[in-house]
Amino acid sequence: MDVAARGLGKATSRSGERALGIAALVAVVVSATLSLVVAPPDAVQGEVQRLMYVHVPAAWLAYLSFFVVFISSVAYLKTRRSRWDRIAAASAEIGVLFTALAIALGALWGKPIWGTWWTWDPRLTTTAMLLLIYFTYLAVRRVVDNPSRRARWAAVIGIVGFVDVPIVHLSVVWWRSLHQQATLLRVGGPEIHGSMLAALLVGVVAFTLVYAYLMTLRLRIGRLEERAVREALSPQVGELEEADV
Amino acid sequence: MTARAEDVAARSSVPFLRQAMAIAAKDLRIEIRGRHALGTLLPFAATLLVSFGFAFGPGRDVLERTAPGLLWMATLFAAVMAARRSYQAETEDDALEGLLLAPVDKAAVFLGKATAVALELLVLVIAVLLMVVVLFDLSPGNPFALLGAFALGTVGLAAVGGLFGVVAEAERTREAVFPMLVLPLVTPVLIAGVRATDLATTGQAGEAAQWLGLLLAFDIVFVSIGILVFGHLMED
C-alpha cells in the first residue's frame with residue numbers, strides 16, 4: 001500500500017498532473033477521430049452506434065471509480081490516513097459523473113435502437129442502483145460536519161455499497177428472467193470490425209486517462225480544502241506544514 | 001440507564017452472543033413498554049395499505065396481483081422507521097454514550113439492536129399480511145414458504161437498518177438521507193421478498209426456494225458486514 005501511495009504522490013505532483021492532462025487530451029482526440037472518422041458506421045444500427053465509443057468507456061469508468069472508492073475506504077479504515085478518504089471522495093464524485101453520463105448515453109442510444117429510453121435490463125438497472133447508492137454516499141459526506149466521522153461513515157458506505165452491487169445484480173437478473181421480454185438487439189455480435197474494436201479500446205484508455213487526470217485535480221483541491229480548514233482553525237498561522245500527503 | 005450500564009459493566013466478561021442478547025432484550029423491553037411498533041408502525045402500515053388501495057383499486061384483480069409488492073413496500077417503510085426509532089431511543093437523554101462507555105463489544109451492540117428490530121418487524125409483517133389478506137383478497141397460500149420469506153427478509157432489513165440507523169439519528173442527517181441510504185441497498189430483499197411471497201400465495205411454493213436462498217445470502221452478507229464495520233460508525 002505504501003508503494004501505491006508513493007506512486008500516487010508522484011502522479012499528483014504538479015508536473016505529473018500536467019503530463020497526465022496532456023496524455024488525456026491526446027488520447028481523447030485520437031479516440032474521437034477513431035470513433036467518428038475511422039470506424040465505419042454499424043451495418044445494422046448506423047451512425048447511432050457511435051455512441052458506444054463513449055458509452056462503454058463511461059460505464060467502465062463508473063465501475064472503476066467505485067472500485068477505487070471501495071479499496072480506499074478499506075484502506076482508510078485500516079490506516080486512518082486522511083489521504084485515503086480524499087481519494088475515496090474524489091473517486092466517488094467522478095464516478096457519479098460518469099455513471100450518470102453512461103446512463104444518459106445509453107438512454108439516447110436505446111430510444112432509436114430498442115425503441116425505449118429505459119428497460120429493466122439487469123446491467124441498466126444495476127448501474128442505476130449504483131448511481132443511487134453513490135448519490136447517498138456524497139449526500140452523507142455533505143451533511144456530516146465532523147471530518148473524522150465523515151470519513152469513517154463514508155468509508156463504511158463505500159464498502160457496503162460496493163459489496164451490495166453483485167447481490168443487486170443477481171436479484172435483478174433472476175427477477176428479469178421471470179418476465180422474459182423480446183430479445184433485445186445486442187451491440188457487436190460475433191463479428192466486430194477491427195477499427196471498431198480499436199476505437200472502443202482507445203476510448204477506454206482515453207477515459208481512464210481522463211479519470212486519472214480529474215483525480216489528480218480533485219485530490220489537489222481536497223488537500224487545499226483540508227489545509228484551509230486547518231489554517232482557519234490554527235492559532236499560529238506562521239507554522240503551517242504541508243498536509244499529510 | 002446508569003444502573004443498566006453498571007449492570008453490563010459488572011458482566012464485562014460475558015460472551016459475545018450473551019452481550020448481543022442483553023442489548024436485544026433491552027430494546028425489546030423498551031418496545032414492550034413504549035409500544036412504538038404496535039402503537040405507531042401498525043397504524044402507519046395500515047394507512048399506507050389503504051392509500052395503496054385508493055391508488056390501485058378498486059378493481060380486485062390489480063390489487064390481488066400487486067398485493068405481495070404492496071405488502072413489502074409497507075414493510076420496507078416500516079423497517080426504515082423501526083430502525084430509526086431504535087436509535088432515537090438511544091440518542092434521547094444521551095443513552096448512546098452510556099452504551100458506548102459500557103464494556104460491550106460494539107459488534108454486539110449492532111447484533112443486539114438488529115435482532116430486536118428484526119423481531120419487531122416480524123410481528124409487524126405478519127400483521128401487515130393479515131391486513132393485505134383482508135383488504136386485497138390475497139390468499140395466504142403456503143404458510144411455510146411465506147413465513148420463511150418474512151423471517152429471512154426482515155433479518156436483512158434489520159441488518160441494514162441496524163447498521164445505518166446510527167447515521168439517521170446523528171447530526172443533520174435525520175431527514176431524507178437515511179431512507180435514501182437504506183432503500184437502494186435493500187433492493188435484493190424487496191425483489192426476492194415480493195417474488196417469494198407471490199409464489200407462496202399462488203400455489204408455487206416449490207419455486208420460492210431460489211428466492212429464499214437469495215434472502216439468506218443477503219442476510220449472511222449484511223449481518224457479517226455489520227459485525228465487521230459497525231464499530232467504525234460508532235467510534236465517537
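How many residues does helix H2 of chain A have, and how far does this helix reach from its first C-alpha to its last? The model is a predicted one, in which local features need pLDDT of at least 70, side-chain atom pairs count only at pLDDT 80 or more, and totals for chains, interfaces and linings use all residues. Residues are numbered from 1 along each chain as its sequence is written, while chains are lettered from A and ligands numbered from 1 in the order in which they are written.

Helix H2 of chain A (residues 14-38) has 25 residues and reaches 35 Å, close to the 36 Å expected at 1.5 Å a residue; that expected span is 1.5 Å times one less than the number of residues. Helices here are DSSP runs of H or I, at least four residues, numbered from the N terminus. Buried positions in H2(A) include A:Leu20, A:Ala24 and A:Leu34, where buried means 20 or more other C-beta atoms within 10 Å, with C-beta atoms placed from the backbone, and exposed means 12 or fewer. A:Arg18 also sits in helix H2 of chain A, but A:Arg18 is exposed because it has 12 other C-beta atoms within 10 Å. Its C-alpha is 27 Å from that of A:Ser73, 55 residues away along the chain.

For the complex, the predictor gives an ipTM of 0.83 and a pTM of 0.83.

Note on methods. Helices (H or I, at least four residues) and strands (E, at least two) are DSSP runs, numbered from the N terminus.
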